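Hi,

Here is the structure I promised to pass on. Have a look at it first, and then read my notes below.

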Amino acid sequence: MTDWGACEQQLAAGIEALGIEVSAQAREQLIAYLRELSTWNATYNLTAVRDPLAMVTRHLLDSLAVLDFVTGSAVADIGSGPGLPGLVIAIVRPRMAVTVVEANSKKAAFLRHARRRLELKNVTVAQERVESWQPDEKFDCVICRAFAAADECARLAGHLVAPGGRFLLMKGRDPAAELADLPLDFRHVDTVSLAVPGLDAARHLAILEPGLI
């Protein structure tokens, strides 16, 4: 049996350590999301992380660690998988319009289920291959986690970033080597080292902007 109380406590401690504002309602929704993910994962293998306590750290807190860098009103999460970090961002920032883009049918089905179950009216699910997806509007912020190498991310999804927007790449190790071959229409602005509470592993966020070097 999962100790959901322990999950709630670990989430609360992690949020405090990160120093971010998360409402009580959003915290409840994050745990509700984790319950849905844990249930579906038993059948559909959406994530290799099985233990809900580990999911708090490796999924929820890992996603929340980038929250302060996600700007604008329209956000796209590329290769969202089961909604990481897109659904987490949408839960904590309900005024942001978040589009989660996922080509895999089982993962996209879970995203639609979670949107309905959690009543996430600010979420749109796009079951698309990102390189061929042409939405009506570009996004203020495009983010991806464990999707592809930095240069490949920019080539596949760079067309989704609005002028003046930003492209955020969630990485483990410092992605400096990957950033050497960026397309000419993107520039590397900064790479930030992140500390995820309870996670003994390197985490970095590379920030890119569109525009010629």
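Is strand S1 (residues 74-78) largely enclosed by the rest of the structure, or largely open? Five of its five residues are buried, so S1 is largely enclosed. "Buried" means under 20% relative accessible area, with exposed over 50% and partly exposed in between (1.4 Å probe, protein chains only). Helices (H or I, at least four residues) and strands (E, at least two) are DSSP runs, numbered from the N terminus.

Before you go on, some ground rules. This is a predicted model, where local features need pLDDT of at least 70 and side-chain atom pairs count only at pLDDT 80 or more, while totals for chains, interfaces and linings use all residues. Residues are numbered from 1 along each chain as its sequence is written, and side-chain values use heavy atoms, leaving out hydrogens and water.

Back to S1. Both of its faces are covered: Ala 74, Ala 76 and Ile 78 are buried on one side, and Val 75 and Asp 77 on the other. S1 pairs in the parallel sense with strand S2 (residues 97-101) over five bridges, and with strand S4 (residues 139-145) over four. (Two strands pair if DSSP finds at least two bridges between them.) Ala 74 has Ala 97 of S2 as its bridge partner, and Ala 76 has Val 142 of S4.

Next, helix H5 (residues 105-117). At 1.5 Å a residue, its 13 residues should span 18 Å, and its end C-alpha atoms are 18 Å apart, which agrees. (The expected span is 1.5 Å times one less than the number of residues.) Ala 108, Phe 110, Leu 111, His 113 and Ala 114 of H5 are buried. Asn 104 caps the N-terminal end of H5, with a side-chain oxygen 3.0 Å from the backbone nitrogen of Lys 106. Just after H5, Glu 119 takes a positive phi of about 55°.

Finally, the nonpolar cores, meaning sets of buried Ala, Val, Leu, Ile, Met, Phe, Trp, Tyr and Cys residues joined through side-chain atoms within 4.5 Å. The largest has 52 residues, and Leu 11, Leu 30, Tyr 33, Leu 64 and Val 70 touch the most other members. Helix H2 (residues 24-44) gives the most to this core, with seven residues. A second, separate core has 23 residues, including Ala 150, Val 161, Leu 179 and Phe 186. In soluble globular proteins, nonpolar side chains tend to be buried together.

Cheers

Conventions
A polar contact is a pair of N or O atoms within 3.5 Å; within protein, one must be able to donate a hydrogen and the other to accept it, and residues adjacent in sequence count only if both atoms are side-chain atoms.
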